[in-house]
Amino acid sequence: MPCSEVSRYKRITAGIIGILMFFIMLLSAFFIAAEVGHDCTGEDCPVCACIRQCENTLRNMGDGMAPRAVSIIPVVFILVFSSFFFWVF
């Protein structure tokens, strides 16, 4: 296999992994935001366990970009949604 094909496959693989990491981060942030006010059932609450797992995922996502990205993502979605809303209507 020539080097250019290997390089191409590496770029595609890196892109796919990056997209998957983005969606994992996005869904974790949305889950935390959606369940932050849940009715806790106590020490063995499954929702609290999921929230802790999502927080650990966001903390371990990388070089500190996760907290900044999580704070920016809702703003970006609001801007995109509002521009789409004004464009359609």
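This briefing covers the fold, the surface and the core of the chain. The model is predicted. The chain holds three helices and zero strands. Of its 89 residues, 17% count as buried.

**Fold and contacts**
- Along the sequence, the pattern reads α-α-α.
- Helix α1 covers residues 3-35, and α2 covers 46-59.
- Take the contacts in the chain with a separation of 6 or more: residues 24 or more positions apart account for 53% of them.

**Surface**
- The chain exposes about 7,100 Å².

**Nonpolar core**
- The largest nonpolar core has seven residues in all: Met25, Leu26, Ile32, Ile51, Cys54, Leu58 and Ile73.
- Helices α1 and α2 each supply at least two residues of this core.
- In soluble globular proteins, nonpolar side chains tend to be buried together.
- Ile32 is one of the core residues. Leaving out residues up to four places away in sequence, Ile32 touches Ile51, Cys54, Glu55 and Leu58.
- Among these partners of Ile32 are Ile51, Cys54 and Leu58, which also belong to the core.

**Serine 28**
- Serine 28 sits in helix α1.
- Its relative accessibility is 7%, so serine 28 counts as buried; the cut-off for buried is under 20%.
- Setting aside neighbours within four places in sequence, serine 28 is in contact with Cys54, Thr57 and Leu58.
- Of these contacts, Cys54 and Leu58 are listed in the largest nonpolar core.
- Cys54 and Leu58 are also touched by Ile32.

Terms used: Residues numbered from 1 in each chain as written. Predicted model: local features only at pLDDT ≥ 70, side-chain atom pairs only at ≥ 80, totals over all residues. Heavy atoms only, no water. Helix = DSSP H or I, 4+ residues; strand = E, 2+ residues; numbered from the N terminus. Buried < 20%, exposed > 50% of the residue type's maximum accessible area, 1.4 Å probe, protein only. Contact = heavy atoms within 4.5 Å. Areas by Shrake-Rupley, 256 points an atom, 1.4 Å probe, with all protein chains shown as cover. Core = buried A, V, L, I, M, F, W, Y, C linked by side-chain atoms within 4.5 Å.
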